[in-house]
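Dear colleague,

I am handing over the structure below, and after it you will find my notes on what was found in it. Please read them with the coordinates open.

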Amino acid sequence: MSIWINEHSKVLVQGITGSQGTFHATKMIEYGTDIVGGVTPGKGGQSLDLFGKSVTVYDGMYEAIQATDANASVIYVPPQFAAEAIMEAADAFDQIKGEGVVVCITEGIPTLDMVKAVAYVNQRPGVRLIGPNCPGIITPGIEGGCKIGIMPGHIHKKGRIGIVSKSGTLTYEAVAQTMSIGEGQSTCIGIGGDPVNGTGFIDCLAGFQDDIQTEAIVMIGEIGGTAEEDAAAWAAENVTKPIVGFVAGATAPPGKRMGHAGAIISGGKGTAAEKFAAFKSAGIYVANDPSEIGAVLAVALKEAGLL
Amino acid sequence: MFRKAGVNVLDGVHCTSIEDALSAYDSLGSKVVAVKSQIHAGGRGKGTLYSPESGEKVMEGGVKIAFSREDVELYSRNILGNKLVTIQTGENGKIVNNLYVEAGCAIAHEYYLAILVDREAKAVLIMASTEGGMDIEKVAENTPEALHKVWVDPAAGLLGFQKRNLGMDLGLSGAALKSFFGLLGKLYDVFVKNDCAMVEINPLVRSEDDEIIALDAKVSFDENASFRHKEWEDIRDLGEEDDAEVRAKELGLSYVKLDGDIGCLVNGAGLAMATMDVIQLYGGEPANFLDLGGGAGEDTVNAAFEIILEDHNVKGILVNIFGGIQRCDVVANGVLASVERIGLEVPLVIRLSGTNYKEGRAIIDASDLQTYSVDTLAEGAKKIVELIGGES
């Protein structure tokens, strides 16, 4: 088991004819993801040869899902059009299948566009949005697996640790840390660093708690907002599996946007210190340094009788 | 912007010289006027002005009420060209190049109003309080019951009853409530149409003749929406922004200058923050936040390296790359090219991991460049702190 996607997930690539779309579609196929088609309005009927696989391009998501029976899509379209791409995917999955996973990689979508898109997705309860501005989601298999996003596939291995993070490269760092103590991953999810996004920490924690394959969780937050505090409070009540936490941005000055649109301390709120404190009081094992995650995870596993 | 949208504001004139300010006073025809420093930071009223050369204190308060033409002259002289330090500017303050001279009005009460995006509710939030002119964070902490909130449904928009209820929560009635109703609708339109991140009106006032007027405002925009707001170029005061930060943005980099002495070159915002944190954990101080973004080319790496080296506080550099889309060999070549071109007099520690890290390390090892290669972020941070002679 794993959460939300598995090795048999059929994936569509929205924006497949753009340079990012083509590049990452190829990488996903290389990893073993079942890419069943692509969508670029106006380019329907074309066919791309990616890593030896012929991939059909459709004009829209309705047509593409009907033709391929896809259950997930990944979005690489530019920020101007990304919110609409999310809503198109959400509506198509909802109408045709009643469910679906939509992963939006695009960075730089206007916040008010996301407010609209998230409300739209939430009216379609079978549809899950991951992102935007995120590395995506990956479920490693015994050989290959399902990678929906931009993460380097080769650093992962199938295992029992679930990882959820706001940051891309810091997720890779966390993966490398689990590997350093010989642990693989069940599913790794980047929820993205924008102020308004789809799937949040709590959704992921709930998913991992219910997943048989996942035995421990690594959660990586960053400054801004109160999602980490809310997740910690929720975990204290609802999660029985050990959690290791880290928060980036302890040295960030207030009022400055640190790369991610959401990573900003405003009005004295959203500091790393508050988030670390919330983790500790919720019984989450805290790593003060990302290079420590492996060691702290080993302690957490041992204390839970899992090592 | 507000005036164009029909939001009630007082007449005022934007000035850049003492002469401007005096002719503004003459043209406004109001005996009492406010002389306001215009910088991109809050807390101006309680700020202090200093001479940028001597560092001597010039005046308390960046917003002054002038009762005469002489007052206007004195205050604008004390403000223009001087450095204003407020709780939001940091110690270095900001040089004030712009003034706003505004007609006075007879104030019956001051309120606070803000429109922003609530990240947790994923909706636009309007907050208002009867405690205007005050620091809103204190209001939220001390008297949360005085802070009234309305969330806007993204599909329905801001509804009439919400505007009315919020006005009544502030204790408004009659003509004042009607005036508030109109103003709030227009302000919300301004917020949405201009892709604002936050509109803060403090104070929002009720005049003695029951008009609701936005007396002072702070507006920030959502940078992600700049592609559909070419007009923002015109209102940007580049003089207020850090030159290196502006150049970095043009190159697609995120760079924030800090006060320390260890330069950082990292890919990814989260990892860049974590790199700063770990440097501090081992006793050093980061000189900057720098996120290369995903898949930067050699030229971008080169430019990033130059921006770091331009900062004369930098005594050492830590390169921390976990390659996903970013290839480590590209970073290695970019670093070498920069060093060849501009030279390197400070120690350099490089950590390459992920995509093509072997190729990247081989490139660094094969060069004549004096560097230290490390495997993890913690090792890298310890090493650079040690090399520049800090604690470790």
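How many bridges join strand E8 of chain A to E9(A), and do these strands run parallel or antiparallel? Five bridges join strand E8 (residues 136-140) to E9(A), and the two run antiparallel, where strands are DSSP runs of at least two residues and helices are H or I runs of at least four, both numbered from the N terminus, and where two strands pair if DSSP finds at least two bridges between them.

Before going further, please note that this is a predicted model, in which local features need pLDDT of at least 70 and side-chain atom pairs count only at pLDDT 80 or more, while totals for chains, interfaces and linings use all residues. Residues are numbered from 1 along each chain as its sequence is written, chains are lettered from A and ligands numbered from 1 in the order in which they are written, and side-chain values use heavy atoms, with hydrogens and water left out.

**Sheets**

In chain A, E8 and E9 belong to an open sheet of seven strands in the order E9-E8-E11-E10-E12-E13-E14, with mixed pairing. Its edge strands, each pairing on one side only, are E9 (145-149) and E14 (285-286).

The bridge partner of B:Tyr112 is B:Ser129, while that of B:Ile126 is B:Val150. In the hairpin of E9(B) and E10(B), which has four residues between the strands, B:Lys122 takes a positive phi near 55°. Seven of the seven residues of E10(B) are buried, a term that stands for under 20% relative accessible area, with exposed over 50% and partly exposed in between (1.4 Å probe, protein chains only).

**The interface**

Here 45 residues of chain B are in contact (heavy atoms within 4.5 Å) with 58 residues of chain A. The two chains bury about 3900 Å² between them, 63% of it on carbon and sulfur atoms; this buried area is the accessible area (1.4 Å probe) lost on putting the two parts together, summed over both. There are four salt bridges between the chains, a salt bridge being a side-chain nitrogen of Lys or Arg within 4 Å of a carboxyl oxygen of Asp or Glu. One such pair is A:Glu173 with B:Arg351 (2.8 Å, N to O).

**Salt bridges within the chains**

Over all chains, the structure holds 31 salt bridges. A:Lys10 and A:Asp69 meet at 3.8 Å, N to O, and this pair links distant parts of the chain, with A:Lys10 in strand E1 (residues 10-14) and A:Asp69 in the loop between helix H2 (61-68) and strand E5 (72-75), 59 residues apart. A:Lys10 counts as partly exposed because its relative accessibility is 27%, and A:Asp69, with a relative accessible area of 41%, is also partly exposed.

By contrast, A:Arg160 and A:Glu183 are both buried, and their closest N and O atoms are 2.8 Å apart. In chain B, the salt bridge of B:Asp261 with B:Lys315 has its closest N and O atoms 3.4 Å apart; B:Asp261 counts as buried at 18% relative accessibility, whereas B:Lys315 is partly exposed at 46%. Finally, A:Lys166, A:Glu228, A:Glu229 and A:Lys275 are linked in a network of salt bridges.

With best regards
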